[in-house]
Amino acid sequence: MGRGLFLAFEGIDASGKSTQARRVAELHDAHFAFEPGDTPLGVDLRRWILDASTPMSPETEVLLLLSDRSHHVHTVIEPALRQGRDVVIDRYFASTLAYQGHGRGLDLAELKAATDLAIGTCLPDLTILIDIELDVANERRARDAKDRFESADLDFHARVREGYLELAREFADVWFVVDGSGSEEDVARVIDERLATLDWSHG
Ligand code: TYD
């Protein structure tokens, strides 16, 4: 049995990527994964990562995120792919480059090296970036309690969005950018057309 297909969904908060990632996983009978917090250890790490009432340095933040990712890769993602299962993940290493690199200002070369340590060779076959303007995201975002990232200022989110677009240009052969401002159905149609060309294990 061949290795499963590995697909990552990325985008700023409220881009609609989680909805699309779950839908695609279900449609193709793939394993649905997400970061941060998709393992028992990750549940505890996620609590600290998102808790805005515990101030921490960007370095501490990224090391917690990478601990979560490394454990996730070793215990869930890599075993599933090796068994021939397709995996669709909601956020992966590009989130770290966009949020902690472009957003927080950590050195990108250092982040890439640290990310390599966390994921080894477990790279997505395709990354789908759902891109939306910041004011569309703001309108969609709930106005209730905010986590560490939701409470960051507008400039932070603008840098994250630009960071994603820069990554998409740099790795254009393995990234696909979708305009996320349309309806859920419109976005789904564009994604499904692109995904129809991939070699899924199931359906
Ligand atoms: P989550 O509640 O999962 O929301 P979302 O639907 O936006 O994915 O929150 C995850 C938050 O963690 C999100 O604001 C982005 C942030 N994050 C990083 O900053 N770096 C990372 O590497 C990852 C995986 C997430």
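Visitor: Which residues have the most contacts inside the largest nonpolar core?

Guide: This is a predicted model, where local features need pLDDT of at least 70, side-chain atom pairs count only at pLDDT 80 or more, and totals for chains, interfaces and linings use all residues. Residues are numbered from 1 along each chain as its sequence is written, and side-chain values use heavy atoms, without hydrogens and water. A nonpolar core joins buried Ala, Val, Leu, Ile, Met, Phe, Trp, Tyr and Cys residues through side-chain atoms within 4.5 Å; buried means under 20% relative accessible area, with a 1.4 Å probe and protein chains only. The largest has 41 residues, and those with the most contacts inside it are Phe 6, Ile 12, Ile 77, Tyr 92, Tyr 99 and Tyr 164.

Visitor: Which element gives the largest share of this core?

Guide: Helices (H or I, at least four residues) and strands (E, at least two) are DSSP runs, numbered from the N terminus. Elements giving two or more residues to the core include strand E1 (6-10), helix H3 (58-82) and helix H7 (154-170). The largest share is eight residues, and it comes from H3.

Visitor: Why do the buried residues of H2 line one face of the helix?

Guide: Gly 42, Leu 45, Ile 49 and Leu 50 are buried in H2. Seen down the axis, the buried residues of H2 line one face because they fall within an arc, taken from the directions from the helix axis to the C-beta atoms, of 120 degrees.

Visitor: Which residues lie nearest the centre of the largest pocket?

Guide: A pocket is an open set of points on a 1 Å grid over the protein atoms alone, where a 1.4 Å probe fits, with protein on both sides within 12 Å along at least five of seven lines. Lining residues have an atom within 4 Å of a point. The lining here has 26 residues; nearest the centre are Asp 13, Lys 17, Arg 91, Asp 147 and Glu 150.

Visitor: How much space lies in the second largest pocket?

Guide: Its lining includes Phe 93, Lys 112 and Trp 175, and H5 gives the largest share, four residues. A volume is the space filled by probe spheres set on the points, which are joined across faces, edges and corners. For the second largest pocket that is about 240 Å³.

Conventions
Buried means under 20% relative accessible area, exposed over 50%, partly exposed in between (1.4 Å probe, protein chains only).
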